[in-house]
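Subject: A structure for you to look at

Hi there,

Here is the structure I promised to pass on. Please open it next to this email and keep the sequence at hand while you read.

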Amino acid sequence: MAARQISWTPTMSSYMLAHLCGLVTGGHRPGTSFKNVHWNGCAAAMNEYFQRTDLIGTHITNHTRTWKRKYKQIVHLKSLSGALWDEDNFMIVLDHEHYTNHIKDHKEDEPFLNKPIKHYEEMLVIVGASMATGQYAKGSSDPLATEVIDLEEQKTNKAAASNEEVAQSHTCDESAAPKLKKVKTNPSAEDRMVATIMASSERIVVAIEKLASDVNPAIDGLWDEMKELPGFDVDSLAHYYAYLVDNPRVATAFKVLGGVQRKVWVSRYVKSTFPEAEAC
């Protein structure tokens, strides 16, 4: 089924990233890439959550590519001369003059400079494991690379090139075809690749641990906001708050909703959980 074009809202993007990030942190994604079952499962979850019927796995795949491109752009910007990385706030920091001159020529970079990068942790967990820099990677004390290499795409391109060479060899006369020599591997390059994967994995683990162990940002101050929500008794709100605590992804989406949408969500939850209860 062809995927028709849809408009992604910030809330939808937040939910998708939180869902995919949950698959990684929960150990449900083998290797560094998602499978069709993951894309389709995310689409089904979003259809149910946002009361839609039009989202399919292809939409999730395409939108994830958009965030993958953003992550590549962020990695590139972190390598700018004079750029500093604020680990606590996930900010790429440039001094005023450098920032002003850069934005004049690269307006598309403005959302990622001198301000916290939204969803950086999710991008790191979802995308970071499949990417490296430079001759696969450099240490944190070395100058950062100028280009990002996508290991998954590189692997796919190599496989395609190999298949093309095999196809061409079968079309040539066997007696005239030169004997292919086995390519000698470069041990030092392989060592760098292994070191890159290990270093990348360590960064992913740190991000996952932080996401899993830290207090969910969506929960901070949420109860105080919910107590002001009109039309519900405290017990009903407390039940829904407990539900949000147990479901951080739902809490993240709930946090960005307006008052009317929040009332709708709480009302549906209360009616489904306590059919005899009614809003005040």
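Below is what was found in it, starting with the whole chain and ending with a few single residues.

First, a word on the source. This is a predicted model, in which local features need pLDDT of at least 70 and side-chain atom pairs count only at pLDDT 80 or more, while totals for chains, interfaces and linings use all residues. Residues are numbered from 1 along each chain as its sequence is written, and side-chain values use heavy atoms, with hydrogens and water left out.

**The whole chain**

The protein chain has eleven helices and four strands. Both are DSSP runs numbered from the N terminus: helices are H or I with at least four residues, strands are E with at least two. Of the 280 residues, 36% are buried (buried means under 20% relative accessible area, exposed over 50%, and partly exposed in between, with a 1.4 Å probe and protein chains only). Among contacts with a separation of 6 or more, 63% join residues 24 or more positions apart (contact means heavy atoms within 4.5 Å). The structure has zero disulfides, a disulfide being a pair of cysteine sulfur atoms within 2.5 Å.

**Helix H1 and its partners**

How do H1 and H2 pack? Helix H1 (residues 10–25) meets helix H2 (residues 36–49) at an angle of about 135 degrees, and their axes are 10 Å apart. Axes here are lines fitted to C-alpha atoms, for helices over the stretch in contact, and angles run from 0 to 180 degrees between N-to-C directions. H1 and H2 are therefore oblique to each other (under 35 degrees counts as roughly parallel, over 145 as roughly antiparallel, 65 to 115 as roughly perpendicular, and the rest as oblique). On the H1 side, the contact includes Met12, Tyr15 and His19, and on the H2 side it includes Trp39, Cys42 and Tyr49. Cys42 is buried, with a relative accessible area of 0%.

H1 also packs against H5, at an angle of about 50 degrees and with the axes 9 Å apart. That makes H1 oblique to H5 as well. Leu17, Leu20, Cys21, Val24 and Thr25 of H1 touch Glu122, Val125 and Ile126 of H5. Cys21 is buried too, at 6% relative accessible area.

Is helix H5 itself mostly covered or mostly open? In H5 (residues 120–127), eight of the eight residues are buried, so to speak mostly covered. Among these buried residues are Tyr120, Glu121 and Met123.

**Three loop residues**

Leu113 lies in the loop between helix H4 (96–105) and H5. Leu113 is buried, with a relative accessible area of 0%. Leu113 and Met91 are 22 residues apart in sequence, and their C-alpha atoms are 6.7 Å apart in space. Leaving aside neighbours within four places in sequence, Leu113 is in contact with Leu77, Ile92, Leu94, Tyr99, His102 and Ile103.

Asn114 is in the loop between H4 and H5. Asn114 is partly exposed, at 29% relative accessible area, and has a positive phi near 55 degrees.

Gln51 sits in the loop between H2 and helix H3 (57–78). Gln51 is not a glycine, yet has a positive phi of about 55 degrees. Gln51 counts as exposed, at 53% relative accessibility. Most residues other than glycine have a negative phi.

Enjoy exploring!

Best wishes
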